[in-house]
Amino acid sequence: MLQTHAEAAREAAARADAGFLWDFWYPAARSTAVRGQKLVTAMLLEVPLVLGRTSEGKVFAMRDSCPHRGMPLSYGRLDGRVVECCYHGWRFDACSGQCVEIPSLSSQDKLKVERIFAGHYPCQERDGYVWVYMNAPGTKLPETAPAAPALTVFSDKYRITHLSCELPSHIDHGIIGLMDPAHGPFVHQSWFWRKRGSIHEKAKQFEPIPNGFRMSPHSPSTNSAPYQLLKKITGEPVTTTIDFVLPNIRTEEDRSGKMWFSSRATVTPVRRDLCRIDFVAAWDLFFLPVSIFRMFGKIFLRQDQETMIQQAEGLKHNPQLMLIDDADRPAKWYFALKANLIESRRTGEAMAHPMDGPVTLRWRS
Ligand code: FES
Ligand SMILES: [Fe+2]
């Protein structure tokens, strides 16, 4: 059947707007993967990137596409400061993207090489990740990009570890899956965490914070074994604070006496049908070795991943969805925050927050 113009336009618009939030930092790769003279590929928000490290150790991110004829720059080589395209040898300063040489030019040519730029993005290293600031296509970079997010730590010495997994889902499903309190008893039943039978009613207070919301400091659930253990060891109450902030960051800080645990999960859009959870945790709990934590952490992530793989099967058919109160209220806030941010960027007016003030949500989990 022939497509009408209106249909074609709608489709083009849907393609153009994949529901990504631009002008934020996203983790593109682990720091350890970007070493030596290696050029490493990554994708964020459907933008192909090439990452590398100069001989001074500074990380950089370019669009993985030569401005000449589109050859991925990742097939070229890096000499410590300059990336050379493998096709016709154009050379670009790795940190600014500025073209520094076009080998085919003769002495007669007037082309201003220094006016040619390969796409490049601000790039910072933090908490073991290479972060890339993804400014919206067709916009100029801000004069000074804000600093990339940093994990909060509460002492000089601590253990730290990283886990990640891919989800075959749109970013929105990845994120609301991350903040969903009601799947725990079904998806994360494990002897070491909690049993399905331990489901009980909970009331948690939430408050608005800039670009997000906070589950106000509280004592964590009595049906979670690790928190019980921590309380036993320190003899002091455990306090947990959980924040979500746009575009994609969930942080959790647990403190008990002098001991602490701090984690951050980010859900990063790779493509519209693929996102990735990057999870970093740091702690100074002497009784918790990295290996044990990783073992449990992997089980947890794997449970979420399997669930999202199954959900993706269902979502392929574009079902009607519903969000219910109160268990899905955080998901509703997320969608509202996102819409309000986009609107405030469009109008230039202050962003409206979907919450008027603190509110208590109740659910069973
Ligand atoms: S395509 Fe890169 S130099 Fe020609
Ligand atoms: Fe989960």
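How do the residues of the lining of the second largest pocket divide into nonpolar, polar and charged? Please go on from there to the parts that share residues or elements with that lining.

Author: This is a predicted model, in which local features need pLDDT of at least 70 and side-chain atom pairs count only at pLDDT 80 or more, while totals for chains, interfaces and linings use all residues. Residues are numbered from 1 along each chain as its sequence is written, chains are lettered from A and ligands numbered from 1 in the order in which they are written, and side-chain values use heavy atoms, with hydrogens and water left out.

The lining of the second largest pocket divides into 5 nonpolar, 4 polar and 3 charged residues, where Ala, Val, Leu, Ile, Met, Phe, Trp, Tyr, Cys and Pro count as nonpolar, Asp, Glu, Lys and Arg as charged, and the others, Gly among them, as polar. Pro168, Ser169, His170, His173, Arg272, Asp273, Ala312, Leu315, Lys316, Asn318, Pro319 and Leu321 make up this lining. On a 1 Å grid over the protein atoms alone, a pocket is an open set of points with protein on both sides within 12 Å along at least five of seven lines, a cavity is a set where a 1.4 Å probe fits but cannot get out, and lining residues have an atom within 4 Å of a point. The pocket holds about 420 Å³ of space, a volume being the space filled by probe spheres set on the points, which are joined across faces, edges and corners.

Ala312, one of the lining residues, is also among the buried residues of helix H5 (residues 290-315), together with Phe293, Gly297, Leu301, Gln303, Asp304, Gln305 and Met308. Buried means under 20% relative accessible area, exposed over 50%, and partly exposed in between, with a 1.4 Å probe and protein chains only; helices (H or I, at least four residues) and strands (E, at least two) are DSSP runs, numbered from the N terminus. What covers the buried residues of H5 includes strand E12 (159-167), helix H2, helix H3 (184-187), strand E17 (259-271) and strand E18 (274-283), contact meaning heavy atoms within 4.5 Å. The 26 residues of H5 should span 38 Å at 1.5 Å a residue, and its end C-alpha atoms are 36 Å apart, which agrees; the expected span is 1.5 Å times one less than the number of residues.

The structure holds 1 cavity of 30 Å³ or more, and the largest cavity has a volume of about 50 Å³. Helix H2 (171-179) and helix H6 (329-347) are the elements that give two or more residues to its lining, and the largest share, 3 residues, comes from H2. The lining of the largest cavity includes Ile171, Asp172, Ile175, Pro247 and Asn248, and divides into 8 nonpolar, 2 polar and 2 charged residues.

A hairpin can be described next. Strand E15 (residues 239-245) and strand E16 (residues 249-256) form a hairpin with 3 residues between them, run antiparallel and are joined by 7 bridges, with Glu253 in E16 as the bridge partner of Thr241. Two strands pair if DSSP finds at least two bridges between them. E15 also pairs with strand E14 (residues 212-218) in the antiparallel sense over 5 bridges, and there Ile242 is the bridge partner of Met215. E15 is mostly covered, with 5 of its 7 residues buried.
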